[in-house]
Amino acid sequence: MNYIYERMMADGETAIFDRAELQKFEDYVATNYKEFYGGKAGYEIKKENDNFLVTLFDNPSITMEEILLDINS
């Protein structure tokens with residue numbers, strides 16, 4: 001799990017995922033749909049080579065760190 005934290009961008013709300021990790025993130029969003037969008041959370045996914053940069057936008061309800069803890073537990 002430390003490897004993922006090392007890969008997080010400096011602002012702490014962008015993480016770099018491979019395809020399998022991106023699927024876990026998307027599964028998390030689908031499973032927690034009401035809480036995620038009810039808290040006005042938004043995100044962007046950018047493809048960069050074989051990786052995906054996922055950025056959470058200004059949202060008070062959840063952090064990338066919390067999501068990473070949930071999807072990797």
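Among contacts in the protein between residues at least 6 apart in sequence, 53% join residues at least 24 apart, where contact means heavy atoms within 4.5 Å. The model is predicted: local features need pLDDT of at least 70, side-chain atom pairs count only at pLDDT 80 or more, and totals for chains, interfaces and linings use all residues. Residues are numbered from 1 along each chain as its sequence is written, and side-chain values use heavy atoms, with hydrogens and water left out.

The protein has 4 helices and 3 strands, which follow the pattern α-β-α-α-β-β-α along the sequence. Helices (H or I, at least four residues) and strands (E, at least two) are DSSP runs, numbered from the N terminus. Of the 73 residues, 34% count as buried; buried means under 20% relative accessible area, exposed over 50%, and partly exposed in between (1.4 Å probe, protein chains only). The accessible surface comes to about 4,900 Å², and 49% of this belongs to carbon and sulfur atoms. Areas are from the Shrake-Rupley method with a 1.4 Å probe, and for residues only the protein chains shown count as cover.

The strands form an open sheet of 3 with the order β1-β3-β2 and antiparallel pairing; two strands pair if DSSP finds at least two bridges between them. β1 (14–17) and β2 are the edge strands, each pairing on one side only. On average, neighbouring strands of this sheet are turned by 20° against each other, direction ignored. β1 pairs with strand β3 (residues 51–56) in the antiparallel sense over 4 bridges, and Ile16 stands opposite Leu53 in β3. Helix α4 (residues 64–71) packs on the sheet and touches β1 and β3, its direction making about 35° with that of β1. Axes are lines fitted to C-alpha atoms, for helices over the stretch in contact, and angles run from 0 to 180 degrees between N-to-C directions.

The largest nonpolar core has 16 residues, of which Phe17, Phe25, Tyr28, Phe36, Met64 and Ile67 touch the most other members. Such a core is a set of buried Ala, Val, Leu, Ile, Met, Phe, Trp, Tyr and Cys residues joined through side-chain atoms within 4.5 Å. The elements β1, α2, β3 and α4 each give two or more residues to this core. Leaving aside neighbours within four places in sequence, Ile67 is in contact with Phe25, Tyr28, Phe36, Leu56 and Ile62.

Leu56 is placed in strand β3. With the same exclusion of neighbours within four places, the contacts of Leu56 are Glu13, Phe36, Gly42, Tyr43, Ile62, Thr63, Met64 and Ile67. Leu56 and Ala41 are 15 residues apart in sequence and 7.2 Å apart in space, C-alpha to C-alpha.

The structure holds 2 aromatic pairs. In one, the ring centres of Phe25 and Tyr43 are 5.0 Å apart and the planes stand at 85°, so the pair is edge-to-face. Phe25 lies in helix α2 (residues 19–31) and Tyr43 in strand β2 (residues 43–48), so the pair ties together parts that are 18 residues apart in sequence. Rings of Phe, Tyr and Trp (its six-membered ring) pair if their centres lie within 6.5 Å; planes under 30 degrees apart count as stacked, over 60 as edge-to-face and the rest as tilted. Phe17, Phe25 and Tyr43 form one aromatic cluster.

Accessibility of three residues named above:

| Residue | Relative accessible area | Class |
|---|---|---|
| Phe25 | 0% | buried |
| Leu56 | 6% | buried |
| Tyr43 | 27% | partly exposed |
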